[in-house]
Amino acid sequence: MSNGIVTSHIINLIDKDSRLDGRKLDQFRDIKIEYGVSAKSAEGSALVKIGKTEVVAGIKMEVGEPYPDRLDEGTIIANVELLPLSSGEFESGPPTIKSIELARSVVDRGLRESKAIDFKKLTIKKGEKVWTILIDAYSINDDGNLADAIGLATLAAIKDAKFPKYDEKEEKIDYKEKTKKGIELKELPIPVTVLKIKNKFILDPTLDEENAMGARLTVTTVEDGRICALQKGGISPLTPEDTEKIIELATKKGKELRKLFK
Amino acid sequence: MGELKVKDKDIVVPGDVLAEGMDFLPAGGAFREGENIIASQVGVVSVNGRLLKLVPLNAKYIPKRGDTVIGKIVEVTNNCWFVDIGYSNHACIPLRDGSMEYIPKGADLTQYYDYNDFVVANITNVSKSKEIDLSMKGPGLRKLSEGRIIKVNSAKVPRIIGKQGSMISMIKQMTDCRIVVGQNGLVWLYDIDPLKEVIAVEAIKKIEERAHIQGLTDEIKMFLESKVGVKNAVQ
């Protein structure tokens, strides 16, 4: 229920360094990761729950022709579907700005710019056949912080994925038979969204808190603290000091979240 | 000879046979089919002599005259405010019942209650065609300016309030939280200490979850004592 009274209450609470559900400003809700939730139909899949927020990610693999300028490289295609049942805000139909934002700047940019996946290793025959990895994330329930949930879910799904058997002579993929080879992840790009409400910064916002935000910045970092993606949202501006503070917070939290995968 | 098929306080689902024979009478939530009395809701059986009643576990709010409800202003016209109280029809606060103070003719009504404001109001009338009239004239009826609103199942509201308000006054006393429970299942809470407010919310959610259990007051008392300490405990 988005309403004025809760929004102003959140803003008042933030002033007292407190939140609606009693968490600390930089505290995440409970995170649960479940691997292989759709083992029959996808090569890799995972379900991530952050509090009441739920996201399912799936990996499909196809064999196709490489791009003309990258003859010895495979590719990834990321897509995010915001299902109408997961929130009152989402409608069915073509991708919205929000779903494109999540797919492009959180999933795709995070994986591509961190160089987590070695695209050269996805080549079957140079210039002719390469693996295409399709990454799809679906929102099951939106209670805020979809970006981080989608980021974690896609990483978990990639970790879970195994290549299907490919017959080079008949040029056919046998999806029923999985090989033991998985996708090698060299880095773990973890997105962390930081919300700015009234000069305070909070992590893992709920839906009500997202409705009360001034600005948000999603920072994707890898193990050594390198930033590989940034995405800003919300109407109010961020000063350089704000941005530094946010990056510091997100890098620290990213390190904690990375432990979930080890 | 009639035979009772269930015990008092049993949980039944629709279609369950509660009793056989003509010795028992169906009341709310149950009906007679031939010789049998059958449940029509999910609920807890209450056996009162020959009377078999079902207390539903889950119910939509149905407005009654005299109920105090919390609602959101969804429309402001030139002579009334329309309020969403969680029923199929919007309720109406007519101008004459809008405020304790005099509202001059042609006044901007949004100055009193604006869109998305929450108000505590009293139901003065429910017509046959389910048009609901509200009044803001009375003690404690007002616009809610700060605090949070949570939603609970309206079937559990009697448990949250308790006998003669025993449960809710215990929560208020132990957490120092200000609470208004609307009969329609919306609850308003405010506490200067945010953590105590969270404890009060947890307590209310706990009551909602475990409403069908006996001895709930003691359980909630123990829960609150463990959270806030015995300092504030009821003597």
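This is a predicted model: local features need pLDDT of at least 70, side-chain atom pairs count only at pLDDT 80 or more; totals for chains, interfaces and linings use all residues.
**Strand pairing, helix packing and the contact between chains**

In chain B, strand S3 (residues 17-20) and strand S6 (residues 36-39) run antiparallel and are joined by three bridges.

As a general point, strands of a sheet pair through backbone hydrogen bonds, either parallel or antiparallel. Here, the sheet in chain B is open, has four strands in the order S1-S3-S6-S5, and its pairing is antiparallel. The edges are taken by strand S1 (3-4) and strand S5 (30-33) of chain B; each has a single partner strand, so one side of each is left without a neighbour in the sheet.

I turn now to chain A. Helix H2 (residues 97-113) of chain A packs with helix H3 (residues 146-160) of chain A at an angle of about 40°, and their axes are 10 Å apart. H2(A) and H3(A) are therefore oblique to each other. Their contact involves Leu102(A), Val106(A), Val107(A) and Gly110(A) from H2(A), together with Leu146(A), Ala147(A), Ile150(A), Gly151(A) and Thr154(A) from H3(A). Of the residues in this contact of H2(A) with H3(A), six are nonpolar, three are polar and none is charged. As for handedness, the crossing of H2(A) and H3(A) is right-handed.

Finally, how many residues does each chain bring to the contact of chain A with chain B? Chain A supplies 14 residues and chain B supplies twelve residues. On the side of chain A that touches chain B, five residues are nonpolar, seven are polar and two are charged.

Conventions: Residues are numbered from 1 along each chain as its sequence is written. Chains are lettered from A and ligands numbered from 1 in the order in which they are written. Two residues are in contact if their C-beta atoms, placed from the backbone, lie within 7 Å. Ala, Val, Leu, Ile, Met, Phe, Trp, Tyr, Cys and Pro count as nonpolar, Asp, Glu, Lys and Arg as charged, and the others, Gly among them, as polar. Axes are lines fitted to C-alpha atoms, for helices over the stretch in contact, and angles run from 0 to 180 degrees between N-to-C directions. Helices (H or I, at least four residues) and strands (E, at least two) are DSSP runs, numbered from the N terminus. Angles under 35 degrees count as roughly parallel, over 145 as roughly antiparallel, 65 to 115 as roughly perpendicular and the rest as oblique. A crossing is left-handed if the near helix is turned anticlockwise from the far one by less than a right angle, and right-handed if clockwise. Two strands pair if DSSP finds at least two bridges between them.
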